[in-house]
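Please look at the structure first.

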Amino acid sequence: MGTIKEITQHTQTKFLNFFELKTIKKTGGEGRYYLSSRAKTIDELELKRGETRADGVAMYVLCGEQHDRILLIRQFRWPIGQYIYEFPAGLVEPGEDYTEAAIREVYEETGLHLTPVPADPMYTRPYYMTDGMTDEACSMVYGYAEGDIRDQHLEDTEEIEVVLADKEEARRILKEERIAGNCAYQLMHFIHDEKPFDFLNV
């Protein structure tokens with residue numbers, strides 16, 4: 001296994017930072033590796049602190065009287081210069097539980113009120129998003145939402161359209177649209193499972 005010889009932090013911003021690793025490869029040669037992280041300092045990097053935490057949270061939410069529509073957002077993302085379909089999601093604030101963050105983010109992004117459903121921790125614990133580039137980990141919260149869709153709580157950097165998709169629209173999105181990976185996998189559940197949250201009871 002390779003080892004890390006030195007870590008250099010190249011940026012100091014609020015939401016994302018860039019780090020350089022000087023490494024010793026398994027063959028003994030020196031190398032370099034680069035990563036982005038939500039960490040503010042070197043000591044906050046997961047490879048330093050040694051534990052996984054939820055930097056963010058994403059929400060798989062059903063709506064409608066029959067719970068037959070899935071809550072999506074269509075958001076403009078700078079890295080791809082396009083709109084992409086995603087789940088409502090956001091960062092977990094310091095001292096905030098990820099479930100609390102989920103309720104807050106759904107309300108801020110959509111105006112809807114989220115009621116989480118219980119789930120085994122294996123379905124909600126933080127998982128890595130793109131571990132070849134970042135140590136960011138994200139938890140998932142499942143639930144039902146109701147209320148009126150509103151956008152008055154959006155930040156001026158957020159360009160978001162709320163979408164309540166039935167199974168037919170979910171199929172079309174999977175076939176034709178840009179879509180985030182974790183959202184795509186759960187849309188497959190939504191389309192094919194008779195009761196979309198049944199897998200939480202396994």
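The largest pocket has a volume of about 2000 Å³. Of its 48 lining residues, R38, R77, G90, L91 and E136 are the closest to its centre. This is a predicted model: local features need pLDDT of at least 70, side-chain atom pairs count only at pLDDT 80 or more, and totals for chains, interfaces and linings use all residues. Residues are numbered from 1 along each chain as its sequence is written, and side-chain values use heavy atoms, with hydrogens and water left out.

**Largest pocket**
- Its lining divides into 22 nonpolar, 10 polar and 16 charged residues.
- Strand 4, strand 5, strand 6, strand 7 (89-91), helix 2 (98-110) and helix 5 each give two or more residues to this lining.

**Second largest pocket**
- This pocket holds about 290 Å³ of space.
- It is lined by 14 residues, with Y127, M140, Y142, N182 and Q186 nearest its centre.
- Strand 10 gives the most to the lining, with four residues.
- The lining has 11 nonpolar, three polar and no charged residues.

**Helix 5**
- C183, A184, Q186, L187, F190 and I191 are buried in helix 5 (under 20% relative accessible area, 1.4 Å probe, protein chains only).
- Their cover includes strand 10 (137-146), strand 11 (160-165) and helix 4 (167-176).

**K48**
- K48 lies in helix 1 (residues 46-49).
- K48 counts as partly exposed because its relative accessibility is 47%, between the 20% and 50% limits.
- Beyond its neighbours within four places in sequence, K48 is in contact with I7, I42 and D43 (heavy atoms within 4.5 Å).
- K48 and V61 are 13 residues apart in sequence and 34 Å apart in space, C-alpha to C-alpha.

How values were computed. On a 1 Å grid over the protein atoms alone, a cavity is a set of points where a 1.4 Å probe fits but cannot get out, and a pocket is an open set with protein on both sides within 12 Å along at least five of seven lines; lining residues have an atom within 4 Å of a point. Grid points are joined across faces, edges and corners, and a volume is the space filled by probe spheres set on the points. Ala, Val, Leu, Ile, Met, Phe, Trp, Tyr, Cys and Pro count as nonpolar, Asp, Glu, Lys and Arg as charged, and the others, Gly among them, as polar.
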